Amino acid sequence: VWSHVSLDWYGRILVNPSIQAAAKNSLVLALCAATAATAIALLAALATSQAFPRRSAVEAVLNMPLILPEIVVAVATLMLFVALGVQLGLGAMILAHTAFCIPFAYLPIRARLEGMNQSYGEAAQDLYANRFRSFRRVTLPLLWPGIMAGFTLAFVTSLDDFLTSFFLSGPGTTTLPVYIFSSIKAGITPEINAISTVMLVISVLLVSLSFILGRLRR
């Protein structure tokens, strides 16, 4: 019965061991998947910034998770892991989340790379810097806002994912979205409202941060 404004339920979710375990799994999963996806997206963006045959086909493959329905990707990933004998659990979820988070990290990095002045790298090479040093001292600092924007988007995407986590989760690897779905079967409680509100606020803040980072010019 709703009677007055209270923050008690937010305090209860902080001491609930099941919610704590699910939150830990979600954070570990999102951090690992976002880090791996951002690293792969950075390499892919650097590669596709150069002209080579079938570059458009490579970019289409990279962006395919954005086009395919998530339920199709989740079921296909489950069938693939079962066929390969991959044990379901946190490791399988990290692999799957990394795969579908790549385009979310790739697009901000690629956009940032296209907006860069290529003369900076050429000037560094004119000053006898090799390609690695030119990348580390010039390209990488200029790309950093795009990298952080891509990482943030990938993190939010992984944190909020339900379908893939639901199909690939194993014993003890329940994430917050899966926990919310399981709890709703027994009825919506104020704890579910509190968790949903916290996740919504975190997602909005991180997406806003990604937008701000993507807008940085320095």
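Of the 218 residues of the chain, 37% are buried, meaning under 20% relative accessible area with a 1.4 Å probe, protein chains only. The model is predicted, so local features need pLDDT of at least 70 and side-chain atom pairs pLDDT 80 or more, while totals for chains, interfaces and linings use all residues. Residues are numbered from 1 along each chain as its sequence is written, and side-chain values use heavy atoms, without hydrogens and water.

The chain holds eleven helices and zero strands. Helices here are DSSP runs (H or I, at least four residues) and strands are runs of E (at least two), numbered from the N terminus. The C-alpha trace spans about 70 × 45 × 25 Å along its principal axes. Contacts are heavy atoms within 4.5 Å. Of those between residues at least 6 apart in sequence, 80% join residues at least 24 apart.

The largest nonpolar core has 23 residues. Such a core is a set of buried Ala, Val, Leu, Ile, Met, Phe, Trp, Tyr and Cys residues joined through side-chain atoms within 4.5 Å. Tyr106, Ile109, Leu143 and Phe155 touch the most other members. Helices H2 (17-48), H6 (90-114) and H8 (131-160) each supply at least two residues of this core. Beyond its neighbours within four places in sequence, Phe155 contacts Leu27, Ala30, Leu31, Ala34 and Leu206. A second, separate core comprises ten residues, including Ile19, Ile180, Ile192 and Ile195.

Definitions and conventions:
Buried < 20%, exposed > 50% of the residue type's maximum accessible area, 1.4 Å probe, protein only.
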